[in-house]
Amino acid sequence: MLTVLYKIIVIFAVVGIGFFCNKRGILPNSSEPALVNLLILVICPCMVLGSLVSRELEPDTLHKTLEVLALSASYFLFSAIVAFLFTKFLKNTPKEDYGVMMAIMASVNTGFMGFPITKAIFGDDIFFLIVIQNIVLNIYFYSFAIFQINYGSKDFKGDFSSSLKSIINPNIIAAILGLIILFGQIKIPGPAVELVDMLGGVTTPLSMLIVGMRLANSNLKSILKNRDLILASVVNMLIMPVLVFLAVNWLPVENDIKLLMVWCACFPMAVIVVSLSSKYGRNATLAAQGMALTTTMSLVILPVAATILSAYYGI
C-alpha cells in the first residue's frame, strides 16, 4: 500500500508542476496543442506498442483479452443507461444539453490519463488490460457517444464514414499491431524495442504536465455554481465506480480484471467529449466545464481508489 501511495504522490506532483509552469508562462497555453499532438500521435502509441511487444504470452492472455472486451462493452452500455436515468434529476439544464450531460456522466479518460497512471501504479499486467479496454472505448467514442451527445437534436445527421476513420487512431493501431506481435510471437529487434520503450517512458510526465496546464485555466468558482454539472460529475466520479464495483465483484473472473473495471470507472470525463460537442454544434463550453470539474475531483478520487483497490484485490 505504501508503494502505491508513493507512486501516486510522485505522479500527481507532476500535475502541480504543470499547473505552476502554466501560471508562470514556462508552459504557455499556446504550447498545449503541440504537446497534446506529440503525446497522442507519437508518445502514447509508443508506450502501448512497447508494453505489448515486450510482454510474454501467457496461457490465459487470450481468455483475459476476451473477458475485458466483453465487460468493457457491457460497461459502456450500463453507464449510458445510468446516465440517461440521472437526467431526470437535472433541474436547470436545457433539454438540448442533456446529451452533453450524459456524456459527462458516462465517458472515462482511460486513454490520455489512464494509460500513464495505470502503468506507473499497477505495472504491465493491468496496463495490458486497460489497453484492451481502450479498444472498446474508442469504438464507443466514435459511434454511440456521438448519438449520445446529440440526444434530442432534430438536425443531427450521423457521419459514419468520418466516425469509422476516427476509430482507427494511432493508439488503436499500436494496440492492434502489438496484439498481432504478441499472439503471433513475432520477434522484434532489440534496438526497435528500446526505441519505443524510451519514447513511451515520456508518457506519464508529459500527460500529467498537460493535465496541470488545463487545470490552471479552469475557473472552478464559476463551475461550482452549476448544481446540475456538480451532480453529473458526482455520478461520473463516485456513483459510477460504486455501481461498477457492486456489479463486477461477484463475477467469476480474476481479481485483476475486477480491479481493472472498477479502476476504469474512476477516471474523469474524457477530453474527446469536448471536441465532439464542438464538432456537432452542442454545448462545448458545458463539456469543457465538466472535464475541468471531474479532472479536479480525480486528483483526490484516483489516489484513494488506487489505494483501496490495490489493498482489496491484493494487486
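A crossing of two helices is called left-handed if the near helix is turned anticlockwise from the far one by less than a right angle, and right-handed if the turn is clockwise. I start there because two packed helices are described by the angle between their axes and the distance between the axes, and handedness is a term we shall need beside these.

Before going on, please keep in mind that this is a predicted model, in which local features need pLDDT of at least 70 and side-chain atom pairs count only at pLDDT 80 or more, while totals for chains, interfaces and linings use all residues. Residues are numbered from 1 along each chain as its sequence is written, and side-chain values use heavy atoms, with hydrogens and water left out.

Let me begin with the whole protein. Its secondary structure comes to 16 helices and 0 strands, where helices (H or I, at least four residues) and strands (E, at least two) are DSSP runs, numbered from the N terminus. The radius of gyration is 19 Å, close to the 20 Å that the globule rule gives for 315 residues, so the protein is as compact as a globular protein of that length; this radius is taken over C-alpha atoms, and the rule is 2.2 Å times the number of residues to the power 0.38. Along its principal axes the C-alpha trace spans about 55 × 50 × 45 Å. Of the 315 residues, 55% are buried, and buried means under 20% relative accessible area, exposed over 50%, and partly exposed in between (1.4 Å probe, protein chains only). Among contacts between residues at least 6 apart in sequence, 86% join residues at least 24 apart, contact meaning heavy atoms within 4.5 Å.

Now to the helix pairs, for which axes are lines fitted to C-alpha atoms, for helices over the stretch in contact, and angles run from 0 to 180 degrees between N-to-C directions. Angles under 35 degrees count as roughly parallel, over 145 as roughly antiparallel, 65 to 115 as roughly perpendicular and the rest as oblique.

Helix α3, residues 61–86, and α6 cross at roughly 40°, and their axes come within 9 Å; the two are therefore oblique to each other. Here α3 passes α6 in a right-handed crossing. By class, the residues of this contact divide into 10 nonpolar, 4 polar and 1 charged, where Ala, Val, Leu, Ile, Met, Phe, Trp, Tyr, Cys and Pro count as nonpolar, Asp, Glu, Lys and Arg as charged, and the others, Gly among them, as polar.

Helix α6, residues 124–141, also packs with helix α9, residues 170–183, at an angle of about 130° and with the axes 10 Å apart, and this pair is therefore oblique. The crossing of α6 past α9 is left-handed. The residues of α6 that meet α9 include F128 and I132, and F128 and I132 are also among the residues of α6 that meet α3.

How are α2 and α11 oriented to each other? Helix α2, residues 32–53, and helix α11, residues 203–216, pack at about 150° with their axes 10 Å apart, and they are therefore roughly antiparallel. Their crossing is left-handed, and the residues making the contact include L35 and L39 of α2 and L206 and M213 of α11.

Finally, I would like to follow a few single residues. F12 is found in helix α1, residues 2–23, and is buried, with a relative accessible area of 15%. Although F12 and L299 are 287 residues apart along the chain, their C-alpha atoms are separated by 7.2 Å. Leaving out residues up to four places away in sequence, F12 touches I117, S298, L299, L302 and P303.

S298 is found in helix α16, residues 284–313, and is buried, with a relative accessible area of 0%; its contacts beyond four places in sequence include F12, M113 and P268. I117 is one of the buried residues of α5, a helix of residues 114–122 that is mostly covered, with 7 of its 9 residues buried. After α5 comes G123, whose phi is positive, near 85°.

Is F19 buried or partly exposed? F19 is also found in helix α1, but at 36% relative accessibility it counts as partly exposed. Setting aside residues up to four places away in sequence, F19 touches G212, M213, L215 and A216.
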